[in-house]
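Biologist: I am new to reading structures. Could you take me through this one, feature by feature?
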Amino acid sequence: MQAPINQLYKFGQFCLDVSEPVLRRDGRVAPLSPKLFDTLLALIENRGRIPGKAELMQAIWPDTRVGEPGGKAMT
């Protein structure tokens with residue numbers, strides 16, 4: 001069995017640890033909800049470009065139908 005890869009993203013005073021998952025600022029845990037963590041991770045993984053709405057929806061809510069108020073649900 002292969003050991004898991006510890007994936008870290010460092011930016012400014014922050015470190016996003018994908019394996020835990022946790023965000024740290026100056027070594028202290030900065031609490032994030034799971035969806036907020038997923039959103040931050042999706043934006044970091046797409047740094048240098050702006051991901052489209054459908055791409056973000058797929059990254060953050062992959063198994064959930066999400067719709068806009070008064071609009072159609074995205075699949």
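Modeller: Gladly! Keep in mind that this is a predicted model. Let's start with rings: searching the whole structure turns up one aromatic pair.

Biologist: Which residues form the aromatic pair, and how are they arranged?

Modeller: Phenylalanine 11 and phenylalanine 14 form it, with 5.6 Å centre to centre and 20 degrees between the planes. Planes under 30 degrees apart count as stacked, so this pair is stacked.

Biologist: What is the relative accessible area of phenylalanine 11, and what is that of phenylalanine 14?

Modeller: Phenylalanine 11 has 31% and phenylalanine 14 has 26%.

Biologist: Now the strands, please. In what order do they form the sheet?

Modeller: The order is β1-β2-β3-β4, in an open sheet of four strands with antiparallel pairing. On average, neighbouring strands are turned by 30 degrees against each other, direction ignored.

Biologist: How many bridges join β3 and β4?

Modeller: Three, in the antiparallel sense. Arginine 25, for example, has arginine 28 in β4 as its bridge partner.

Biologist: And how do I read the backbone?

Modeller: Here is the general idea: most peptide bonds are trans, and most residues other than glycine have a negative phi. In this model, the bond from glutamate 20 to proline 21 is cis, with omega near -20 degrees. Proline 21 sits in the loop between β2 (14-17) and β3 (22-25). Aspartate 26 has a positive phi, near 50 degrees. Aspartate 26 lies in the loop between β3 and β4 (28-30), and at 55% relative accessibility it counts as exposed.

Methods
Residues numbered from 1 in each chain as written. Predicted model: local features only at pLDDT ≥ 70, side-chain atom pairs only at ≥ 80, totals over all residues. Heavy atoms only, no water. Phe/Tyr/Trp six-rings, centres within 6.5 Å; stacked < 30°, edge-to-face > 60°. Buried < 20%, exposed > 50% of the residue type's maximum accessible area, 1.4 Å probe, protein only. Helix = DSSP H or I, 4+ residues; strand = E, 2+ residues; numbered from the N terminus. Pairing = 2+ DSSP bridges. Axes fitted to C-alpha atoms, helices over the stretch in contact; angles between N-to-C directions.
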